[in-house]
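Biologist: I am new to reading protein models. Could you take me through one, feature by feature?

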Amino acid sequence: MFRDRTEAGQKLAAELGGLGLRNPVVLALPRGGVPVAVEIARELKAPLDLLIVRKVGAPGNPELAVAAMVDGDPPDLVLNREIVEAYRLDDAELRMLTDRERPELERRRHVYRAGRPPIPVAERTVILVDDGAATGTTMKVAIRALKRRSPRGIVIALPVAPPATLEELGREADKVVCLNQPARFLALGYHYRDFPQLTDDEMIAMLPKPEPLRKGPPPPA
């Protein structure tokens with residue numbers, strides 16, 4: 001059991017520090033992944049960024065993901081093809097479901113980034129961080145979207161996850177680092193003594209402040 005997300009991040013950072021990862025960039029899944037990722041980025045002296053994912057729910061069953069959108073320019077759409085086929089969704093229906101969720105993705109990008117441009121990941125080692133994973137669905141979607149952006153490699157960093165989930169993630173990523181792999185996985189909060197739900201403001205306060213815009217030389221008189 002971890003004291004809190006900060007301790008989990010410090011312990012993960014110690015593990016990752018011994019891997020000799022080349023040119024790393026740390027990407028956190030908000031909100032819970034941010035305090036974990038902050039400690040990793042600090043220890044590795046690596047830049048920290050967010051990877052914002054928005055689920056696209058099935059018709060009549062919003063908790064079942066038919067797809068997910070991953071923030072980017074443009075956003076990546078990753079389909080859950082088994083669910084798409086089970087619901088017999090055509091392109092027009094998928095577009096309608098996706099368009100319904102796009103405003104929330106845009107809202108989160110505007111609020112969470114607050115002037116921070118995304119950090120390019122091409123030819124860099126991406127360390128993708130969350131505070132834990134039960135099914136790993138969001139993490140898998142994030143990995144598939146990141147692969148389209150040509151990273152050097154993708155390393156998953158988790159404080160806790162069940163073995164079956166880690167096995168699935170291991171088939172998607174280049175490496176998985178997980179500190180606690182309980183055979184009997186309870187709700188994520190059971191693996192922390194202090195596990196508050198973070199607000200947007202609390203999470204944003206943990207992120208590096210955006211650099212001020214540099215002013216060019218004054219125009220000639």
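Modeller: Let us start with one residue. Lys-45 lies in the loop between H2 and strand S2 (48-50). Keep in mind that this is a predicted model.

Biologist: Is Lys-45 buried or exposed, and why?

Modeller: Exposed means over 50% relative accessible area. Lys-45 has 76%, so it is exposed. Look at its backbone too. Its phi is near 55 degrees, a positive value in a residue other than glycine.

Biologist: Which other residue other than glycine has a positive phi, near 50 degrees?

Modeller: That is Asn-23. Find it in the loop between helix H1 (5-17) and S1. Its relative accessibility is 40%, so Asn-23 counts as partly exposed.

Biologist: Now peptide bonds. Where is there a cis bond with omega near 0 degrees?

Modeller: Go from Pro-30 to Arg-31: that peptide bond is cis. Arg-31 sits in the loop between strand S1 (24-28) and H2. Another cis bond joins Asp-73 and Pro-74, with omega about 0 degrees. Pro-74 is in the loop between S4 and S5.

Biologist: Let me step back to the whole chain. How many helices and strands are there in the protein?

Modeller: Count seven helices and eight strands. The radius of gyration is 18 Å, close to the 17 Å that the globule rule gives for 221 residues, so the protein is as compact as a globular protein of that length. Along the principal axes, the C-alpha atoms fill a box of roughly 65 × 45 × 35 Å. Now take contacts between residues at least 6 apart in sequence: 66% of them join residues at least 24 apart.

Biologist: What share of the 221 residues is buried?

Modeller: Buried residues make up 46%. Here is the general idea: in soluble globular proteins, nonpolar side chains tend to be buried together. In this model, the largest nonpolar core has 35 residues. Val-26, Ile-40, Leu-48, Leu-50, Val-66 and Val-129 have the most contacts inside it. Helix H2 (residues 33-44) gives the largest share of this core, six residues. There is also a second, separate core of 26 residues, including Ala-68, Leu-128, Val-141 and Cys-178.

Biologist: Which residues does Leu-48 touch, not counting those up to four places away in sequence?

Modeller: Leu-48 touches Val-26, Ala-28, Ala-37, Val-38, Ala-41, Ile-119, Leu-207 and Pro-208.

Biologist: And empty space? What is the volume of the largest pocket?

Modeller: First, the idea. Rolling a probe the size of a water molecule over the atoms shows where empty space is left. The largest pocket here has a volume of about 1300 Å³. Its lining has 43 residues, and Val-53, Asp-130, Thr-137, Thr-138 and Met-139 are the closest to the centre. The lining divides into 20 nonpolar, eight polar and 15 charged residues.

Biologist: Which element gives the most to that lining?

Modeller: H5 does, with six residues. Other elements supply at least two residues each, including strand S4 (61-70), helix H4 (91-113) and helix H6 (163-172).

Conventions: Residues numbered from 1 in each chain as written. Predicted model: local features only at pLDDT ≥ 70, side-chain atom pairs only at ≥ 80, totals over all residues. Heavy atoms only, no water. Core = buried A, V, L, I, M, F, W, Y, C linked by side-chain atoms within 4.5 Å. Buried < 20%, exposed > 50% of the residue type's maximum accessible area, 1.4 Å probe, protein only. Helix = DSSP H or I, 4+ residues; strand = E, 2+ residues; numbered from the N terminus. Contact = heavy atoms within 4.5 Å. 1 Å grid on protein atoms, 1.4 Å probe; cavity = no way out; pocket = protein on both sides within 12 Å on 5 of 7 lines; lining within 4 Å. Points joined across faces, edges and corners; volume = space filled by probe spheres on them. Nonpolar A, V, L, I, M, F, W, Y, C, P; charged D, E, K, R; others polar. Rg over C-alpha atoms; globule rule 2.2 N^0.38 Å.
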